[in-house]
Amino acid sequence: KAVNNNEYTICDNEKGYQLKFTNGTLEIIAIKNDNIKIEETKPYFNKFYRELVKKIIIGKGITEIADYAFEDYKNLEQIVISDSVSKIPSLAFLGKEEYDSFGCPKLSSIIVDKNNKNYKSIDGVLFTYDMKTLLKYPQAKPDLYYEVDARAKNIGDHAFSRVNKLQCLKVGENCRSVGEFAFLNISALR
């Protein structure tokens, strides 16, 4: 139901979650149980509402985020992930058409609840909890230089895909593997 352009609530009982949009923030909340997968959210919101979203909060009870869940949220700046999330695929932040879609071009920060046992974020960058894999560097993180944490042994698929500001990247000697599409369409890296 739409209250006005600043407030909108959708409840999908079949999938078990509610999407609540208020003043630029989209909150996704589990309503049935504690084992809910976030599918693509695009069908719930027309282009007008997707363009108003600046922050997404993944609430408690949500355990999995699907591929392309945040496709084409063109003004999304921050994602906050609760402690219940246990699966985030490498394609969650990108579009289905790797070369035609821009994913989340203004995403500058991914924040993970400190009690999450599967993931953590360091300075807005998404890692596995054990810090062995860098999963996602936000597309619009404002840094020109980034040094991958020395504990990271892997750079995940699409970790730096479509990053638009980063010009210099330092990867430590502990890094043993780089995902196949880790640097897909990265424009400024030298």
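## A charge over a ring

Lys120 lies over the face of Tyr129, 4.8 Å from the ring centre. A charge is taken to sit over a ring if NZ of Lys or CZ of Arg is within 6 Å of the ring centre and within 35 degrees of the ring normal.

## Basis of the model

This is a predicted model, in which local features need pLDDT of at least 70 and side-chain atom pairs count only at pLDDT 80 or more, while totals for chains, interfaces and linings use all residues. Residues are numbered from 1 along each chain as its sequence is written, and side-chain values use heavy atoms, with hydrogens and water left out.

## Overall make-up

The protein has 1 helix and 16 strands. Helices (H or I, at least four residues) and strands (E, at least two) are DSSP runs, numbered from the N terminus. Of the 190 residues in the protein, 47% are buried. Buried means under 20% relative accessible area, exposed means over 50%, and partly exposed covers the range in between (1.4 Å probe, protein chains only).

A contact means heavy atoms within 4.5 Å. Among contacts in the protein with a separation of 6 or more, 47% are between residues 24 or more positions apart.

## The open sheet

An open sheet is formed by 5 strands in the order β10-β11-β12-β14-β16, with mixed pairing. Two strands pair if DSSP finds at least two bridges between them. At the edges are β10 (119–122) and β16 (177–178), each of which pairs on one side only.

β10 and β11 pair in the antiparallel sense over 4 bridges, and Ile122 stands opposite Val125 in β11. Their hairpin has 2 residues between the strands, and Asp123 in this hairpin takes a positive phi near 55 degrees. On to the next pairing: strand β11 (residues 125–128) and strand β12 (residues 133–136) are antiparallel over 2 bridges. Phe127 has Leu134 in β12 as its bridge partner.

## Aromatic pairs

A pair of aromatic rings is described by the distance of the centres and the angle of the planes. Rings of Phe, Tyr and Trp (its six-membered ring) pair if their centres lie within 6.5 Å; planes under 30 degrees apart count as stacked, over 60 as edge-to-face and the rest as tilted. The whole structure holds 5 aromatic pairs. One of them is the stacked pair of Phe70 and Phe93, at 5.9 Å centre to centre with 25 degrees between the planes. This pair links distant parts of the chain, 23 residues apart: Phe70 is in the loop between β7 (62–65) and β8 (78–81), and Phe93 is in the loop between β8 and β9 (109–112). Both Phe70 and Phe93 are buried.

Tyr146 and Phe160 form a tilted pair, because their ring centres are 6.5 Å apart and their planes stand at 55 degrees. Tyr146 lies in strand β13 (residues 145–147) and Phe160 in the loop between β14 and β15, so the pair ties together parts 14 residues apart in sequence. Tyr146 is buried, with a relative accessible area of 10%, and Phe160 is buried at 0%. Tyr137, Tyr146, Phe160 and Phe183 form one aromatic cluster.

## Ser161 and its surroundings

Ser161 is placed in the loop between β14 (154–155) and β15 (168–170). Its relative accessible area is 0%, so Ser161 counts as buried. The side chain of Ser161 makes a polar contact with the side chain of His158 at 3.1 Å. A polar contact is a pair of N or O atoms within 3.5 Å; within protein, one must be able to donate a hydrogen and the other to accept it, and residues adjacent in sequence count only if both atoms are side-chain atoms.

The Ser161 side chain also reaches the backbone oxygen of Phe181, at 2.9 Å. Not counting residues up to four places away in sequence, Ser161 touches Leu94, Lys136, Gln139, Phe181, Ala182 and Leu184.

## Ser108

Ser108 is found in the loop between β8 and β9 and is partly exposed, at 25% relative accessibility. Ser108 and Asp143 are 35 residues apart in sequence and 9.5 Å apart in space, C-alpha to C-alpha. Leaving aside neighbours within four places in sequence, Ser108 is in contact with Glu77, Pro138, Ala140, Lys141 and Pro142.

## Cysteines

A disulfide is a pair of cysteine sulfur atoms within 2.5 Å, and by this rule the count is 0 disulfides. Cys168 is partly exposed, at 36% relative accessibility, whereas Cys175 is buried, with a relative accessible area of 17%.
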